[in-house]
Amino acid sequence: MRFAQKLTLTIVLLLCVTLSAGGAWNIQQNLNHALNTALQQDTALHQRECYMLEARIMQETGVGAVHQKIAESVKQYAEEMHAASGQESAAFAVFTREHGISLYSGMPSDIPYMAQYNAVQNGADSAQYVRTPQKEYLLLASPLHGTEEDVWMVSAYDVSPLFQERDRQVRQYLVLEVAALILAGGAAVGISLLLTRPLRHLEAASHSIAAGNYGSRVEITSKDEVGQLSQTFNTMADAVQNNMEALVEESQRQKRFVAAFTHELKTPMTAILGYADLLRSGEQPAPRRQKASNYIYHESARLEALSGALLQLLGLEHEQLKLVPTPMTQVLVEMQRSLPQLEVQLQVDCPQNAVVLAEHTLLADLLRNLVLNAAAASPARGRVAVRCGLQGEKWAVCVEDWGQGIPEEELDKILEPFYRVDKSRARKNGGNGLGLNLCAQIAQLHGSSLQIESRLGQGTTVTLLLKKGEKL
Amino acid sequence: MKKQTIKNLVHTVAMLAMCLLLLALPAGYGRWSDTRLLHSVFARPQLEGVLDQQAQQIPVLYALYRKRYLEEEYHDYVDYSNSAEKQMQLQRMAEAVENLGISGVLPQTLAERLAQQLEKSEQVSVWRQTGGFVGSSAFVAKIGWQGSSCTIEQFEETGQVTHLVCPIEPWMEISPQEVMEHYRSYLGLLELKDWEWKNTANPNQAGMWSDQGQIYLYCNVEEPYQMLTLGAFSIDPEQFRTSYLEKSPAKALP
């Protein structure tokens, strides 16, 4: 069941309960009030009639008259009352209480004898109602003083107009209630649809997002709970969209990586296959055999280095480094030791007190790669400088060369795996295109990143900012 | 989907059916209340001004009280002056006066002279009043100023005098207060304990009121005309306070 439908039916049902219960109570209260008023009036009237009848009996029969004389007197009195009022007969009866003997009855014929008898038995302080097929009556009984002790008068007062009025009110209220429910039901439908409109928009947006349209959003038209839900939904949709874009980006990056890796494998493998095929095809002249063997050896070595670098990259992805205060001079000495071929070109300038938070081996490896790249980009025996200095609250380590530089449009790609600015020269120098990507990941593990500034034909500076370590 | 639609339809129909049932609630509640009403016995409301149960046991008091609710009617007026029953009617009047004398309401000499003169009276008429009262009037000579009528109203059931107008001799000293005291006893109203005097500046007038019995007793001695008026009537307490007590507040009997 739709929420709007539930809301509508609930409103209608609650309204129906309220109207019906309220109406029932109100109408019944009206009847009770009318009956009480009638009881008050009829009690006074009955009392007066008793006095009149008593006086009449006493006047005509004297005190303690026998039943027959009383009956005759009452009958005459009733006839006179009838003549005076024009009514068919006075609605009263006279009984002996003990034996229930009817001395006179001018009661409507449909009032049962037992009801009259019970009225007498219930006493002079009581009142009761009786319903006949046509009417409702109030019965009041009182003893007649001055007669024999057990002679009672029972009066019946027609209260059916009060019940008819009650029934009329019920019918009128039913019409009113139905009209109110129709109007309220219509209003409830409108209100429900209005209230649930933002929810329907949310539902539509959810379907749209599920269908792949991650840009779908809902319009926020209120500040209530539904408005807040819409806001939250939009925030969630933003997050989903961002994650999806990141996933797509990652997927594309992985595709590019696989493509590049495949390419990196395919080129040396093709050459290796070609030279191997040459060697197995028959006896070759010694220089050619030497060249083929060398080529196979070097390309295999490069593939091995590539595998090692890839393994290192994969290892870094899951690594949690423990950074400790490390003197930069120590790192730089280690780096220099691993690059004896660049001893002449490399200039290192670092204060003795430079202590950074780092993993010493990885940081040395990072600097080594940066220096190798710088040297590769420089002309033969070109100068490469490594400087270390304070920059705010951090130590900045810069690797600078004055080589060919990097085109501006390629700056944002050079950190991708297997990307090379000068592909032929890089491969010739034994580069596998993973060095800078490796450096970027090590920098990330140190809570930093590589800042690359380059001008074509003038050189490149790569800066790494490291957190200060306490003095050892 | 189809199953869900059917389920929704069933729920909707069920709720609408519940609404229809609720629409019948006022009628149903009315029927249920009627059944309760018709099988119950209710206490009758207490009417204002109803005579106290103890007071109702005093016949003359109850008759006077009941008379308030009846239309004042005088009927069956008969002039017995030339009738064979004249003497019987005069005898009845004389007995009533003698009883007043015996009870001390009237001075014995007055009662005896009145009775004698009544028995000798030439004119007597009798009428009936609603509520069981009978009135009679006869001319009495040789008492008071050139003679006068004597009027008596009696409660038929007991013969007690509830209203008397009679002539008196100028030399008779009659104390209205004393008459009241004896008259109260004569009517059998001593059981009522809340009697109070109605203050009056005139020593020839006296009145007594009982809230419980809703009855007022009065006695006037009219010296210029040498007449005595004595009687009792029932009146609603509220009406009595408004009409009779405002000008002369009551004073409790010692």
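The legends below describe close-up views of a predicted two-chain model.

Residues are numbered from 1 along each chain as its sequence is written, and chains are lettered from A and ligands numbered from 1 in the order in which they are written. Because the model is predicted, local features need pLDDT of at least 70 and side-chain atom pairs count only at pLDDT 80 or more, while totals for chains, interfaces and linings use all residues; side-chain values use heavy atoms, with hydrogens and water left out.

**View 1. Packing of helix H1 of chain A on helix H2 of chain B.** Helix H1(A) (residues 3–61) and helix H2(B) (residues 25–38) pack at an angle of about 35° with axes 8 Å apart, where helices (H or I, at least four residues) and strands (E, at least two) are DSSP runs numbered from the N terminus. Axes are lines fitted to C-alpha atoms, for helices over the stretch in contact, and angles run from 0 to 180 degrees between N-to-C directions. The crossing of H1(A) and H2(B) is right-handed, a term used when the near helix is turned clockwise from the far one by less than a right angle. The contact of H1(A) with H2(B) comprises nine nonpolar, four polar and one charged residue, with Ala, Val, Leu, Ile, Met, Phe, Trp, Tyr, Cys and Pro taken as nonpolar, Asp, Glu, Lys and Arg as charged, and the others, Gly among them, as polar.

**View 2. The two sides of helix H1 of chain B.** B:Asn8, B:Thr12, B:Cys19, B:Leu22 and B:Leu23 of H1(B) are buried, where buried means under 20% relative accessible area, exposed over 50% and partly exposed in between (1.4 Å probe, protein chains only).

**View 3. The buried face of helix H3 of chain A.** In helix H3(A) (residues 113–122), the buried residues are A:Ala115, A:Gln116, A:Ala119 and A:Val120. Seen down the axis of H3(A), they fall within an arc of 140° and so line one face of the helix. They pack against strands E1 (92–96), E2 (102–105), E3 (126–131), E4 (136–143) and E5 (151–158) of chain A. H3(A) is followed by A:Gly123, which has a positive phi near 100°.

**View 4. The surroundings of A:Asp150.** A:Asp150 lies in the loop between E4 and E5 of chain A and counts as buried because its relative accessibility is 17%. Not counting residues up to four places away in sequence, A:Asp150 touches A:His67, A:Phe95, A:Thr96, A:Arg97 and A:Glu98. A:Asp150 and A:Glu98 are 52 residues apart in sequence, yet their C-alpha atoms are 6.3 Å apart.

View 5. A:Arg381, in the loop between helix H8 (360–377) and strand E9 (384–391) of chain A, is not a glycine but has a positive phi of about 60°; at 64% relative accessibility it counts as exposed. B:Gln214, in the loop between strand E8 (205–210) and strand E9 (215–222) of chain B, has a positive phi near 50° and is buried, with a relative accessible area of 4%.

Notes. The arc is that of the directions from the helix axis to the C-beta atoms. Contact means heavy atoms within 4.5 Å.
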